[in-house]
Amino acid sequence: MKKYFLGLSKTALIAVYLVIVAGALVRMTGSGMGCPDWPKCFGYYIPPTDIKELIYQQNRAYSKGQVIIRNEKLWVANEDFEALKVIDMKQWRPYTKHDYAIFNAVETWIEYINRLIGAVAGILVLLMAISSFGYWKTNKTITLLSWFSVFLMGFQGWLGARVVYSVLNPLKITVHMIVALFIVALLLYLIKIAQNKTASFVQNSNFRILLIVALIMSFIQIIIGTQVRQFVDEQVKILGYEQMEKVLQNPMLNFYVHRSFSLLIFGFNSFLWFYNRKLKLGFKKTNWVILLIIFEILTGIAMFYFDFPFGSQAIHLVIASVLFGVQFYLYLEQKIIIASSN
């Protein structure tokens, strides 16, 4: 089992990032409520493609838990039955988690694909955890943390349900994003310690402290960005996609903080890059960090000055997540060197 662990952990990491990409697409298209229930979608394992499937039909066989839309409300079948000509409301109960009852086939399938990718990621993390038993005699930390990652994936799924039930509550969305980043960090840590390789980097405690500060700054920036994103989503609901040029005409304070903080992050990481280069520490991933920050700023500029070009919001979020991952791995490289020398 041990020989499969590293490959499974890397595959699981890619899958988690794909979940983040899919989640970004969900938010970009406003598809968060495409499936108003959880874990099924309108009571189906494979969601409907037409509104007709959600309207009561005579002689149709309904299964327990299937959903229909009636009088702008969701109704859930109490048991298996064949529909009569006239609906018998005793066979149905109202859906009580929320009062959202809108069907849009495109949004439904975007959200469904997001959940499907999440399920695949969960399975991969579970397989990784099973393979981690190969390390039990030599490194119990790997096994314990692998199973903790399984717990986190389950917790993340539970949070996803809470987000749906709350009709996309901003605080729950933010926590959902934080947990995703924590899972990324945990998988990166598992990959690093499982590789058991000491790269030819120069130890420098000051550089390590600077890495920690840079990582914290990026984390804070992502949280603020999530709040700005929620403001944008609310404005889009009011104005519509036809008036994207008005979305940031009167932005919230956090928008200005987010924009200004990005320049501070660029300056700080530029110093980190220069420090690494001057002392010849050997951390080449600092080049990736600078490039990612530049692309992140460019997508931010595109959204503000060019009225949110298609895909720019999703790209902005994904780059931020990748940046966090690269910075955390840089920290791990320096941390493991110090730990191995003591």
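**Notebook: surface, fold and Ser 218**

I began with the surface: the accessible area of the protein is about 17,900 Å², and carbon and sulfur atoms hold 66% of that area. I note here that the model is predicted.

Next I looked up burial. The protein has 342 residues, and 49% of them count as buried.

I then took the extent. The C-alpha trace spans about 80 × 55 × 25 Å along its principal axes.

For the secondary structure I found eight helices and five strands. I wrote down their order from the N terminus as α-β-β-β-β-β-α-α-α-α-α-α-α.

I turned to charge. There are 32 positive side chains and 18 negative ones in the protein. I recorded 18 Å between the centres of the two sets.

Where is Ser 218 placed? I found Ser 218 in helix H5, which covers residues 205-239.

Is Ser 218 buried or exposed? The relative accessible area of Ser 218 is 4%. Buried means under 20%, so Ser 218 counts as buried.

Which residues does Ser 218 touch, leaving out those up to four places away in sequence? I listed Ile 265, Leu 323 and Gln 327.

My entry for Ser 218 therefore reads: buried, at 4% relative accessible area, in helix H5, and touching Ile 265, Leu 323 and Gln 327 once residues up to four places away in sequence are not counted.

Note on methods: Residues numbered from 1 in each chain as written. Predicted model: local features only at pLDDT ≥ 70, side-chain atom pairs only at ≥ 80, totals over all residues. Heavy atoms only, no water. Helix = DSSP H or I, 4+ residues; strand = E, 2+ residues; numbered from the N terminus. Buried < 20%, exposed > 50% of the residue type's maximum accessible area, 1.4 Å probe, protein only. Contact = heavy atoms within 4.5 Å. Areas by Shrake-Rupley, 256 points an atom, 1.4 Å probe, with all protein chains shown as cover. Lys, Arg positive; Asp, Glu negative; His and termini not counted. Charge placed at Lys NZ, Arg CZ, Asp CG, Glu CD.
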